[in-house]
Amino acid sequence: MLNNRKQRDLQVALTYTIIILTLTTIVSVSVSVQHPTAAPLPVLPIPTARHLQWHQSELAMFLHFGTNTFTDSEWGDGAAPPSTFSPDSLDARQWATVALSAGFRRLLLTAKHHDGFCLWPSNYTDYSVKASPWRGGSGDVVRDLAIAVKELRLELGLYLSPWDRHQDCYGQTLEYNQFYLAQMTELLTRYGDIKEIFLDGAKGEGEKDMEYFFDVWFNMIHQLQPGALIFSDAGPDLRWVGDEAGVAGSTCWSPFNTSAAKIGDVDTQYAREGDELGQEWVPAECDVSIRPGWFWHPSEAPKSAHTLLDIYYKSVGRNCLLLLNVPPNSSGLISPEDIQVLLEFSELLSSIFSKNLAERAMITASSTRGGGDSLFDVSNVLEETIYTYWAPAEGQSDWMLHVDLKKKVKFNVLQLQEPIQLGQRIISFHVDCLNDKGEWHTMVDGTTIGYKRLLLFSEVETRHLRLVIDQARADPLISFFGVHLDPYSKMTKDDSMLKRTKNPQQIERSDSISYFI
Ligand code: FUL
C-alpha cells in the first residue's frame, strides 16, 4: 500500500518535472526568439526617412518649361510678353504617364525660371499664366501636374528660381526676399504634398549685392512641407553634384558638411565626392538634360538610350539620384523622339538589371555576426532590399564574401548595396575571380558603395568570385550583391586588370576603377 502511494507520488513528481522542463524549454526558446543578436551600432550621420525614400526612387524627371520654350532661348530676360506662352495641347498627364512608363517616380517642374514667368497664377506678379492666352488665362500648369502626379501615385518637386529677371523688386534684398517667400508659400500651400524643392544660387551680372536669405527660405519650406527635401549647392538635404553632365565622383559619400559648401560658389570636387568625415547626410543629385539645352529647342535632338545608360552608371551607380531633364515642346507635350529614347533606356535597364545572375549562388562569409543562420546571415545579400543585410562578427579586420555561382557565368557588371539606414561605411573594396588554373585575379576595385554601386568592367566568365572589403569606417555591412551582363556598354579602354594580374599571392590592383566607367 505504502509502496503504491510512493510509486504514485513519484509518478506525479515525474510528470510535474516533465511539464516544468517542457515549459522552461518553451519559455527559453521564445525568449531567445525575442532577443536575437543585437544589430550593429549605426555609424553617423544617418539618412532621414525622406532621404531613404529619395535614394530608393533612383530616377527623377526634370521638366523645364516656360516662355523660353516658345522663344527658343535658355535664359529668358523677362521681357517676353505673357502672350508668348501659348501651348495648344498642354497635357501634364502625358508628362506623368511618360515618366511612369519609363520608371521615373518623381517629377520636378520649373514653376518659375530665371525669366520670372510663373507657371501658376501667382497673386504677387502680373507675369504668369493668368496673363497668357493659354486656356483664356484660367490655366495652372503646377495644378495640372500636381493632379496627374497624385493620380499616378508619383511625387512632385518644384524649382522656383531665386534669380528673377522680370520682377522690379529684384535687387532690393529685403523686398525681394519677402516676395520670394510669398511665392514659395503659394507653391507649398496650394498643391498638396511637395517632395522636393530645387534651388540654385544664380544671380544676374552686377547683382552681387542682392542677397538671398537661404536660411529663412529653408526654415519656411520645412515648416510648410515637412516631407520636402531641399536641393541646392550646399544642401541642407540634397547637394548638387558639381556638374550638369549627370556624373558623380567614382568616390561618392552621402556624408557632407554643409558649412564647407557655399551656394553659388561650389568646390566641385567636394560636391562630386562628398566627405568621408562629413557630419550631415546630404547625398548628391545628378542633374542633366536629355537634350543639349534645358529647354526644348526645335533644332535639338535627344541623347541616345546608350548615352543615358552610361550616365546611369555614373550617377545611380555611384550612390546618387539621376535627375534627367525631359523638356516639353511648344505644343506642351513631351516629344515622340524623347519618349522613344526613354522607353529604350528603360528597356536597357530592365534587360540588364531585372535578373541577378548570382541569385542561386552559394555565398559564404569570412564571419557572421551572431553566427550563421542569424538575422545577419550572408544569404541576405541575395534579397533585393536594403533592409536585410550581412554583418560580419565584431572585431574582425578581414571581411570577405565568397560567391560560388555553381557554374561558369559570363558577366561584366557588379551591383553592390549597403544598408545605408545604418550609415555609409565602406571606404574601399575589390572583387577577385578564380580563373581556370585556380588562381584568384582582381577584376575590379573601387571606393565607396553607399545606397548603390555599379561597376562595369571587361566581360569575365567564372564560377567563383569574392568581394573583399579593404577598408571601412566601422564593421562593413552588405545588403545586396548582384552580377549582371550588359551587352550594350563598351569599355572605353580595353585595359582589363586580368592582364596585369600575376598569381594568387601577387594580386596587383589598379588605384582606381575610374577609367573603366
Ligand atoms: C541652372 C540654370 O541656370 C539652368 O538654366 C538650369 O535650370 C539648371 C538646372 O540650373 O542653375
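A crossing of two helices is right-handed if the near helix is turned clockwise from the far one by less than a right angle. The views below are taken from a predicted model.

**View 1. Right-handed crossing of helices H4 and H5.** H4 passes H5 with this handedness, right-handed. H4 spans residues 92-101 and H5 spans residues 141-151. Their axes are 8 Å apart, and the two helices pack at an angle of about 40 degrees. That angle makes H4 oblique to H5.

**View 2. Helices H9 and H10.** Helix H9 covers residues 305-314, and helix H10 covers residues 336-353. The two axes come within 8 Å and cross at roughly 55 degrees. H9 is therefore oblique to H10, since angles from 65 to 115 degrees would count as roughly perpendicular and angles under 35 as roughly parallel. The crossing of H9 and H10 is right-handed.

**View 3. Polar side-chain atoms at ligand oxygens.** A polar side-chain atom of Asp200 lies 2.6 Å from an oxygen atom of the ligand. For His64, the distance from a polar side-chain atom to a ligand oxygen is 2.7 Å. For His113, the corresponding distance to an oxygen atom of the ligand is 2.9 Å. Taken alone, the ligand exposes 300 Å², of which the protein buries 91%.

**View 4. Cis peptide bond between Leu44 and Pro45.** Leu44 and Pro45 are joined by a cis peptide bond, with omega about 0 degrees. Pro45 is found in the loop that runs between helix H1 (2-34) and helix H2 (49-57).

**View 5. Glu58, with positive phi.** Glu58 is a residue other than glycine, and its phi is positive, near 60 degrees. Glu58 lies in the loop between H2 and strand E1 (59-63).

**View 6. Cis peptide bond between Gly235 and Pro236.** The bond from Gly235 to Pro236 is cis, and its omega is near 20 degrees. Pro236 belongs to the loop between strand E5 (229-232) and strand E6 (238-240).

Key: Residues are numbered from 1 along each chain as its sequence is written. This is a predicted model: local features need pLDDT of at least 70, side-chain atom pairs count only at pLDDT 80 or more; totals for chains, interfaces and linings use all residues. Side-chain values use heavy atoms; hydrogens and water are left out. A polar contact is a pair of N or O atoms within 3.5 Å; within protein, one must be able to donate a hydrogen and the other to accept it, and residues adjacent in sequence count only if both atoms are side-chain atoms. Accessible areas come from the Shrake-Rupley method with a 1.4 Å probe; for residues, only the protein chains shown count as cover. Axes are lines fitted to C-alpha atoms, for helices over the stretch in contact, and angles run from 0 to 180 degrees between N-to-C directions. Helices (H or I, at least four residues) and strands (E, at least two) are DSSP runs, numbered from the N terminus. Angles under 35 degrees count as roughly parallel, over 145 as roughly antiparallel, 65 to 115 as roughly perpendicular and the rest as oblique.
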